[in-house]
Amino acid sequence: MKAADGRTNGTIDIIQKGLAKGFPIMVGYLPIALTYGVLAKQAGMSITELTLMSVLVFAGASQFMGANMIAVGAGAVEIIIATFVLNFRHFVMSLSFMNRLRGMDIRWKLPMSMGLTDETFAVTSLHPEEANKDKGALFYTTIILTAYLSWVFGSFAGGILGEVIPEKLSQSMGIALYAMFIGLLVPSVKKDKRVAVIAILAMLINGLCLQLGLGTGWSIVFGTIIGGMSGIFLWKEER
């Protein structure tokens, strides 16, 4: 009986620890998810569609981009390609995360891999020792679920908010899209000026494609792919 009580208390403790570590992510996700919900509603998506996007995609930058591309009339193929390129970094993060979880059962690895984001990866990386503990998987899962549920709930609430707030106010929230990407870009530019070169090149390619009449969707795709590929040459190992 005491052993059972000990296991129960241990499980509760590890869940509480995971919630505590995931709480800052939740606080950061809620306002961004609300903004996404409002913008997606403004772009013409229904509350069901924008919520399902959060449930199935769970990638903030890609969802903002997808909502924006939907608003300008981009096709499904263009949106899929653009978001795939934008999220390509997740392959690297997933390899690193799964390498840390080599000793865990696949039934834990699969759901956790679906919930990996920049923020959950960063927070779980601060606690590598948990991977070697009996309930380490539960700790990581709690962090990921806290982030995931807060994002889905915030998206749904944003969609509802988008129906009741004045249209001019919801349109003004579109600045959040640009602010978010600038917020992601500036720290990288401070570390390495070559990131600024890639961003400017992608912008110029996007503008050129628009002038050539390729449409907003494909202009974003080509700007993202060619701009990103330029990094291969900019970061080529110096001899």
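**Contacts, cores and a helix pair**

Reader: Which residues does Tyr-140 touch, not counting residues up to four places away in sequence?

Author: Tyr-140 touches Phe-97, Arg-100, Leu-101, Met-104, Met-112, Thr-124, His-127, Pro-128, Glu-130 and Ala-131, with that exclusion. Contact means heavy atoms within 4.5 Å. This is a predicted model, in which local features need pLDDT of at least 70 and side-chain atom pairs count only at pLDDT 80 or more, while totals for chains, interfaces and linings use all residues. Residues are numbered from 1 along each chain as its sequence is written, and side-chain values use heavy atoms, with hydrogens and water left out.

Reader: Which members of the largest nonpolar core touch the most other members?

Author: Tyr-36, Phe-97, Leu-101, Met-104, Met-112 and Tyr-140 do, out of 29 residues. At least two residues of this core come from each of α1 (2-42), α2 (47-56), α3 (60-71), α5 (89-100), α7 (118-125) and α8. A separate second core has seven residues, among them Met-69, Ile-79, Ile-220 and Val-221. Such a core is a set of buried Ala, Val, Leu, Ile, Met, Phe, Trp, Tyr and Cys residues joined through side-chain atoms within 4.5 Å.

Reader: What makes Ile-79 count as buried?

Author: Its relative accessibility is 16%, and buried means under 20% relative accessible area (over 50% is exposed, in between partly exposed; 1.4 Å probe, protein chains only). Ile-79 therefore counts as buried. Ile-79 sits in helix α4 (residues 76-86). Leaving aside neighbours within four places in sequence, Ile-79 is in contact with Gly-66, Met-69, Ile-70 and Ala-74.

Reader: Why is Ser-150 called buried?

Author: Because its relative accessible area is 5%, Ser-150 is buried. Ser-150 belongs to helix α8 (residues 136-164). Its side chain reaches the backbone oxygen of Ala-147 at 2.7 Å and the backbone oxygen of Thr-146 at 3.1 Å. Beyond four places in sequence, Ser-150 touches Met-26, Tyr-29, Leu-30 and Ala-33.

Reader: How do you know that α5 and α7 are roughly parallel to each other?

Author: Their axes cross at roughly 30° and come within 11 Å. Angles under 35 degrees count as roughly parallel (over 145 as roughly antiparallel, 65 to 115 as roughly perpendicular, the rest as oblique), so α5 and α7 are roughly parallel. α5 passes α7 in a left-handed crossing. Arg-89, Met-93, Ser-96, Phe-97 and Arg-100 of α5 make the contact with Asp-118, Phe-121, Thr-124 and Ser-125 of α7.

Key
Helix = DSSP H or I, 4+ residues; strand = E, 2+ residues; numbered from the N terminus. Polar contact = N/O pair within 3.5 Å; in protein donor to acceptor, adjacent residues only side chain to side chain. Axes fitted to C-alpha atoms, helices over the stretch in contact; angles between N-to-C directions. Left-handed = near helix turned anticlockwise from the far one by under 90°.
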